[in-house]
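Good morning, colleagues. I should like to take you through one protein model, from its overall layout to a few individual residues. Please keep the display in view as I speak.

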Amino acid sequence: MVTGDARTRILDAAEELFAGSGYEATPTAVIARFAKVPKGLVFDYFPHKIDVLVALVDERTHIEEGRDVDAVPGDPAGTLARLARGLPLRASPAMRRILFREADTHGSVKERLSRLNSELIRRARFALELALPGVRGDAARLEVAAATFAAVLLYQENLWQLTGHQIDPDAVAELIAHALV
């Protein structure tokens, strides 16, 4: 008899293993062994190995779309810094590693990152419009600033994973804000 929530244990095991070794290098038998469940039970919940990855991405990464932006008129740097601290991706470090590792080869993962990027750009542009009311007419500059901000934040995830180095989001916010004023 399997104790605990077997499906959750399977996903927990897959998350840890995919983050460490990658999706392709992780056999379902290893996931089952790590989750302490029979291999057949993995296939009861997830008929194909790809279904495990899709479930992880769908269930363990949440992009908070449409959330209000905490903008202060006249303070674009502070507005962007607050936005960076409220990065709208809620996922464990292991899930973020999986997202960035598997995006090149799996459509559902790439789609999730694309949605994250679009939401970051949308939110940064809106925040800048609120923080810089006089610059509202310069849509192209705001769009480039928002896209740059999103790119740096997303790149930060990869940089941290590869080197352990972190980019100071407040410094990025200051740099972008100074370029706009």
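The secondary structure of this protein amounts to nine helices and two strands; helices (H or I, at least four residues) and strands (E, at least two) are DSSP runs, numbered from the N terminus. Along the sequence, the pattern reads α-α-α-α-β-α-β-α-α-α-α. The model is a predicted one, in which local features need pLDDT of at least 70 and side-chain atom pairs count only at pLDDT 80 or more, while totals for chains, interfaces and linings use all residues. Residues are numbered from 1 along each chain as its sequence is written, and side-chain values use heavy atoms, with hydrogens and water left out.

Of the 181 residues, 44% count as buried; buried means under 20% relative accessible area, exposed over 50%, and partly exposed in between, with a 1.4 Å probe and protein chains only. Turning to contacts, which means heavy atoms within 4.5 Å, I take those between residues at least 6 apart in sequence: 71% of them join residues at least 24 apart.

Let us begin with helix H1, residues 6–21. What span should its 16 residues have at 1.5 Å a residue? The expected span of a helix is 1.5 Å times one less than its number of residues. For H1 that gives 22 Å, and the end C-alpha atoms are 22 Å apart, which agrees.

The N-terminal end of H1 is capped by Asp-5, with a side-chain oxygen 3.3 Å from the backbone nitrogen of Arg-7. Such a polar contact is a pair of N or O atoms within 3.5 Å; within protein, one must be able to donate a hydrogen and the other to accept it, and residues adjacent in sequence count only if both atoms are side-chain atoms. After H1 comes Gly-22, with a positive phi near 95°.

Which residues of H1 are buried? They are Ala-6, Ile-10, Leu-11, Ala-13, Ala-14, Glu-15, Leu-17, Phe-18 and Ala-19. An α-helix has 3.6 residues a turn, so residues three or four places apart point the same way. The buried residues of H1 pack against helix H2 (28–35), helix H3 (39–45), helix H4 (49–60) and helix H6 (93–102).

Within H1, I would draw your attention to Ile-10, which is buried at a relative accessible area of 0%. Setting aside neighbours within four places in sequence, Ile-10 is in contact with Ile-31, Ala-35, Val-37, Leu-41, Val-42, Tyr-45 and Phe-46.

Leaving aside its neighbours within four places in sequence, Ile-31 is in contact with Ile-10, Ala-13, Ala-14, Leu-17, Phe-18 and Thr-26.

Thr-26 belongs to the loop between H1 and H2 and counts as buried, at 2% relative accessibility. A polar atom of its side chain lies 2.7 Å from the backbone oxygen of Gly-22. Not counting residues up to four places away in sequence, Thr-26 touches Leu-17, Phe-18, Ser-21, Ile-31 and Lys-49.

In the loop between H2 and H3 we find Lys-36. Is this residue buried or exposed? At 68% relative accessibility, Lys-36 counts as exposed. Most residues other than glycine have a negative phi. Lys-36, although not a glycine, has a positive phi of about 60°.

Helix H4 has 12 residues, which should span 16 Å; its end C-alpha atoms are 17 Å apart, which agrees. Its buried residues are Lys-49, Val-52, Leu-53, Ala-55, Leu-56 and Val-57, and they pack against H1, H2, H6 and helix H7 (107–131). In H7, Leu-116 is buried, with a relative accessible area of 2%.

Finally, consider a helix pair: the axes of H5 (residues 76–85) and H9 (residues 169–180) come within 8 Å and cross at roughly 145°. Here axes are lines fitted to C-alpha atoms, for helices over the stretch in contact, and angles run from 0 to 180 degrees between N-to-C directions. The contact is made by Pro-76, Ala-77, Leu-80, Ala-81, Ala-84 and Arg-85 of H5 together with Pro-169, Asp-170, Ala-173, Glu-174, Ile-176 and Ala-177 of H9.
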